[in-house]
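Student: I would like to go through this structure term by term. Can you set each value against its definition as we go?

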Amino acid sequence: MDDDLTAQVRHACEFLRDPANAKPAAAFPEGQRDVEQAGLYARTVDAAGRAALSTAFDIELPALIYAGQAGATSSRSGVERGATLRSRIIGNHLRGNIRSSTFRKTLTAVLFEPLDLQLERPGKLDTLSNAMVSEWMRAHLHIATLACPDRATLAALEHGVLAALDPPLNLMGMAPTETRKRLKALRKQIS
C-alpha cells in the first residue's frame, strides 16, 4: 500500500470509528454530508441491537458491525458505477430486500428466529418480515458516511479499511473467524 493510500485508510478508519460521526438510521441521511457522492459507510448498533445480534454468535459483538462502499469503479470491468451513499444505504439497505443487499441478508439471517421472520420463498422475505427488518434497522443502527469522490481508488480504500476495522458481519475478502463461519451457516438457511 502506498503512503497516500495508507494515510487515507487511517483517516477513514478514524472517521468511521468515531461515534460522533454515526447518525441514527431512522433519520438517514439527516446529519450526513456529501451523501450524493460515492464513499464509505460504517454501521454501528446500539446496546439492545448488539445484544440481539450477539446471541446468535455466543459472543459480544463490537458496536461497529459492518462497513462497505458505494460507487467504486468495478475492478473487473473498469466500469464506473453510479451508486451514491444515499442510493446504496436507502435503496439497498434500509428499504431494499435480501437480494439487493448483502448487509440486509446478513441481518435477516441473524434475526430470523428472534424476530420470527418468514420467507415467501428461499431468498425472499414475505412483505411483513421485510418491513420488520427495515424497522429493526431504523430502531437500532447508526450510520457513518465518508464521501470519497475518487471512484477509481475507492475499492482499494475499502479493502484497507475493512482489513483495519475487521467488522464481524463483513464476509467477502475477510479472514475466516468463528463468527463468520456461523454467519455463513445462518445465511445459507435463508437462501
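Tutor: We start with contact, which means heavy atoms within 4.5 Å. This is a predicted model, in which local features need pLDDT of at least 70 and side-chain atom pairs count only at pLDDT 80 or more, while totals for chains, interfaces and linings use all residues. Residues are numbered from 1 along each chain as its sequence is written, and side-chain values use heavy atoms, with hydrogens and water left out.

Student: Which residues does Leu 157 touch?

Tutor: Leaving aside residues up to four places away in sequence, Leu 157 touches Leu 5, Gln 8, Val 9, Leu 40 and Cys 148. Leu 157 itself lies in helix H6. Helices (H or I, at least four residues) and strands (E, at least two) are DSSP runs, numbered from the N terminus.

Student: Why is Leu 157 called buried?

Tutor: Buried means under 20% relative accessible area, exposed over 50%, and partly exposed in between (1.4 Å probe, protein chains only). Leu 157 has 4% relative accessibility, so it counts as buried.

Student: What makes Arg 10 buried, partly exposed or exposed?

Tutor: Arg 10 is in helix H1 (residues 3-17). Its relative accessibility is 48%, and therefore Arg 10 counts as partly exposed.

Student: How do you know whether the peptide bond from Phe 28 to Pro 29 is cis or trans?

Tutor: Omega is near 15° there, and the bond is cis. Pro 29 lies in the loop between strand S1 (23-24) and strand S2 (39-45).

Student: How do you know that the span of helix H7 agrees with what it should be?

Tutor: The expected span of a helix is 1.5 Å times one less than its number of residues. H7 (residues 178-190) has 13 residues and should span 18 Å; its end C-alpha atoms are 19 Å apart, which agrees.

Student: Why are the buried residues of H7 said to line one face of the helix?

Tutor: The buried residues are Thr 179, Arg 180, Leu 183, Leu 186, Arg 187 and Ile 190. Down the axis of H7 they fall within an arc of 120°, so they line one face. The arc is that of the directions from the helix axis to the C-beta atoms. On the face turned away from the buried side are the exposed residues Glu 178, Lys 184, Lys 188 and Gln 189. The buried residues pack against helix H4 (102-111) and strand S4 (119-121).

Student: What makes H4 roughly parallel, antiparallel, perpendicular or oblique to H5?

Tutor: Axes are lines fitted to C-alpha atoms, for helices over the stretch in contact, and angles run from 0 to 180 degrees between N-to-C directions. Angles under 35 degrees count as roughly parallel, over 145 as roughly antiparallel, 65 to 115 as roughly perpendicular and the rest as oblique. H4 and helix H5 (residues 127-140) pack at about 100°, with their axes 11 Å apart. H4 is therefore roughly perpendicular to H5.
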